[in-house]
Structure formats: structure tokens, C-alpha cells
Amino acid sequence: MKMMKSTLAVVIAAAALSVTGIANAGATLDAVKKKGFVQCGISDGLPGFSYADAKGEYKGIDVDVCRAVAAAVFGDASKVKYSALTAKERFTALQSGEVDVLSRNTTWTSSRDAAMGLNFTGVTYYDGQGFLVNKKVGVSSAKELDGATVCIQAGTTTELNLSDYFRANNLQYTPITYDTSDESAKSLESGRCDVLTSDQSQLYAQRIKLASPDDYVVLPEVISKEPLGPSTRQGDEEWFDIVRWSLFAMVNAEELGLTSANVEEMAKTTKNPDVARLLGAEGEYGKDLKLPKDWAVQIVKQVGNYGEVFDRNVGAGSELKIERGLNALWNNGGLQYAPPVR
């Protein structure tokens with residue numbers, strides 16, 4: 001009788017596992033190929049990360065992640081459709097299948113990874129929460145903000161970090177929450193709040209959208225760790241691997257000196273084994289991912305390596321002019337590091 005109960009328990013457990021996980025393996029890739037594009041969840045307008053330019057074309061680091069996935073799967077980075085999502089909408093959109101991948105300046109946390117049915121595939125941008133104030137307020141440190149009215153975007157880790165920081169420093173504040181980052185910035189500009197708090201990358205992006213950007217300053221304090229990156233639904237490891245390695249391909253390409261200008265030539269002539277494996281000249285590593293042999297070539301050719309993506313969107317080649325800092329490669333003083341293709 002004990003053996004029968006034990007066997008029954010195993011069968012029930014296996015059935016539950018198939019419903020929640022293994023049965024879904026490969027489903028996203030199959031669906032993406034059938035419809036002919038990647039549905040990508042992005043922000044509702046954040047310069048440098050995901051926003052529509054004057055021509056209505058989406059650009060930014062988060063957008064380029066989705067373009068890289070499309071380049072890997074289809075050999076065509078343009079085969080992406082975008083869903084602009086608020087912070088409140090983003091997780092439901094991914095969980096429900098409305099989007100195939102969420103690439104929307106989203107912080108990787110334990111609860112999101114373990115309790116919300118998400119799998120974060122990597123870090124596209126190492127960030128931290130900061131404060132943007134009008135210079136006329138006359139403060140040079142966040143510790144001088146006692147009694148301030150603070151604008152916050154709802155549905156973000158920002159609210160908890162702010163509460164923790166002010167409580168730890170025995171400071172008082174009045175929060176005002178908004179659904180979008182643009183609403184928060186407009187409230188700061190109108191004087192309804194004294195300070196806007198968010199990830200520093202967002203603060204720099206919002207500042208350039210203000211009527212008089214030079215009137216505002218980002219305070220020096222960074223009060224949290226905010227590793228931002230794309231995520232997929234749990235239960236489909238095949239799709240998770242494709243999104244993860246699309247990002248890793250760009251990071252590895254920068255480290256190996258591969259650019260959008262030289263990658264095709266390097267695929268034909270390289271004598272470097274690491275380059276040969278990444279670009280499909282050696283081995284069957286694309287096949288492992290159920291991708292074409294030249295998947296990484298197409299990513300780098302059409303989207304660029306990580307350094308190219310960073311520079312044109314938020315770095316020296318952009319309006320934001322953000323320094324690489326923690327987002328430099330691991331062998332150049334930063335944290336960006338990708339496992340090898342082998």
C-alpha cells in the first residue's frame with residue numbers, strides 16, 4: 001500500500017510539473033516563428049532605453065535587446081513589434097503571454113525572479129536609485145531632503161528603496177506617486193514636488209526632456225542596487241536561453257573586438273578559436289540553441305556589440321553622455337561579463 005501511494009505521488013508530481021513547466025518548453029519559440037516576429041514589452045517612453053524617435057521608430061538599449069533576439073531567430077533585426085507598458089502593466093503583460101519578452105528597464109530582484117513567474121536572462125545595465133532636484137532648492141546631498149515632497153513612479157522598487165533610505169537616515173518625506181515617468185518629471189518641473197527619485201539612468205533621461213535641463217542636478221547619493229535586464233516567462237527554458245545568449249553574444253563580441261563593421265569578415269578569416277565558436281565557424285553551438293549557424297553574426301552585424309549599443313543609446317554618442325562606469329567590461333574595470341560560447 002505504501003508503494004502504491006508513493007507511485008501515485010510521483011505520477012501526480014510529474015503531471016503538475018508538466019503543466020507548470022516542461023509542457024511549455026519550446027512553446028514561445030514555436031509561436032514566435034509562426035507569427036513571424038518577436039513581441040517585445042518596452043517602457044512607455046524613456047530616452048536611451050526605449051522610446052519612439054521623431055519618425056516613430058523605437059530606439060534604445062532595451063529595444064536593441066529585442067532586435068538582437070529577432071536577428072538571432074530570423075536573421076532580421078527588424079522583425080519585432082513593440083508593446084509600450086507602464087511599470088504597473090509590465091509583469092502582467094509577460095505573465096499573460098501578451099509579450100514574448102519584457103525588455104523594459106526592470107530591476108532583477110528575488111521576489112520578481114521567484115514569486116512572479118519570471119526568469120531574468122542577464123543584466124543590460126547596472127544602475128542605482130538617485131535623486132533629481134531643481135538647483136533652486138539649494139541642496140547638495142540627499143541627506144538634506146528632510147521634509148521634502150518626493151515624486152515616485154508607482155509599481156517600482158523605487159518606493160521601497162525610498163522608504164528604507166529615509167527611515168535609516170531619520171528623515172521625513174511626503175510621497176506623490178504617478179503611473180508614468182513622464183508624469184513624475186512634469187510634476188517636478190511644475191514644482192508640485194521638491195525632488196524626483198528613480199534609477200539614475202531614468203533621471204538623466206528625464207532631465208534632457210525638461211524645458212530647462214541645466215536648472216536641475218542629480219544628487220551624488222546612489223541608494224540601491226538596480227541591475228536592469230530582460231526577462232521571460234518561467235517554464236520555457238529554450239526561449240530563456242535564446243534571449244540570454246542574444247545578450248551574451250553582444251557582450252562577448254565587444255570583448256573579442258568584433259563590431260558591426262568587421263564581424264562578417266572575421267567570421268570568414270578568424271584564427272581565434274573563441275571568435276570562431278561565437279560566429280559559427282567552428283562547432284554547432286547555434287544548433288544547441290535551435291538557431292541558425294550564423295545567429296551571433298547577424299546580431300553583431302545588425303545590432304552591434306554591447307559597446308556599440310551602449311555608446312549610441314546612452315553613452316558618448318547620445319544626448320545622455322553617460323560614462324560606462326559599472327557597465328564597462330569586466331577586464332576594463334566594470335561588471336559586464338558573459339560566459340563563453342563553447
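This report covers an open sheet, the helices across it, one further helix and the aromatic contacts.

## Basis

This is a predicted model, in which local features need pLDDT of at least 70, side-chain atom pairs count only at pLDDT 80 or more, and totals for chains, interfaces and linings use all residues. Residues are numbered from 1 along each chain as its sequence is written, and side-chain values use heavy atoms, with hydrogens and water left out.

## The open sheet

Five strands make up an open sheet with mixed pairing, in the order 10-9-11-8-12. Strands (E, at least two residues) and helices (H or I, at least four) are DSSP runs, numbered from the N terminus. Two strands pair if DSSP finds at least two bridges between them. Strand 10 (173-178) and strand 12 (216-218) are the edges; each has a single partner strand, so one side of each lacks a neighbour in the sheet. From one strand to the next, the twist averages 30°.

Strand 9 (residues 148-153) pairs with strand 10 in the parallel sense, over 6 bridges. C151 stands opposite I176 in strand 10.

## Helices across the sheet

Helix 7 (residues 181-190) lies across strands 8 (129-134), 9, 10, 11 (195-199) and 12. Helix 7 runs at about 160° to strand 9. Helix 8 (residues 200-207) lies across strands 8, 9, 11 and 12, at about 125° to strand 11. Contact means heavy atoms within 4.5 Å. Axes are lines fitted to C-alpha atoms, for helices over the stretch in contact; angles run from 0 to 180 degrees between N-to-C directions.

## Helix 9

Helix 9 (residues 237-255) has 19 residues. Its first and last C-alpha are 26 Å apart, close to the expected 27 Å (1.5 Å times one less than the number of residues). Of the 19 residues, 14 are buried (under 20% relative accessible area; exposed is over 50%, partly exposed in between; 1.4 Å probe, protein chains only). G257 follows helix 9, with a positive phi near 80°.

## Aromatic contacts

There are 11 aromatic pairs. Rings of Phe, Tyr and Trp (its six-membered ring) pair if their centres lie within 6.5 Å; planes under 30 degrees apart are stacked, over 60 edge-to-face, the rest tilted. W108 and F120 are stacked, because their ring centres lie 5.7 Å apart and their planes are at 10°. W108 is partly exposed at 30%, whereas F120 is buried at 2%.

F49, Y125, Y306 and F310 form one aromatic cluster. The charged end of R324 sits over the ring of F310, 5.2 Å from its centre. K81 lies over the face of F37, 4.3 Å from the ring centre. The criterion is NZ of Lys or CZ of Arg within 6 Å of the ring centre and within 35 degrees of the ring normal.
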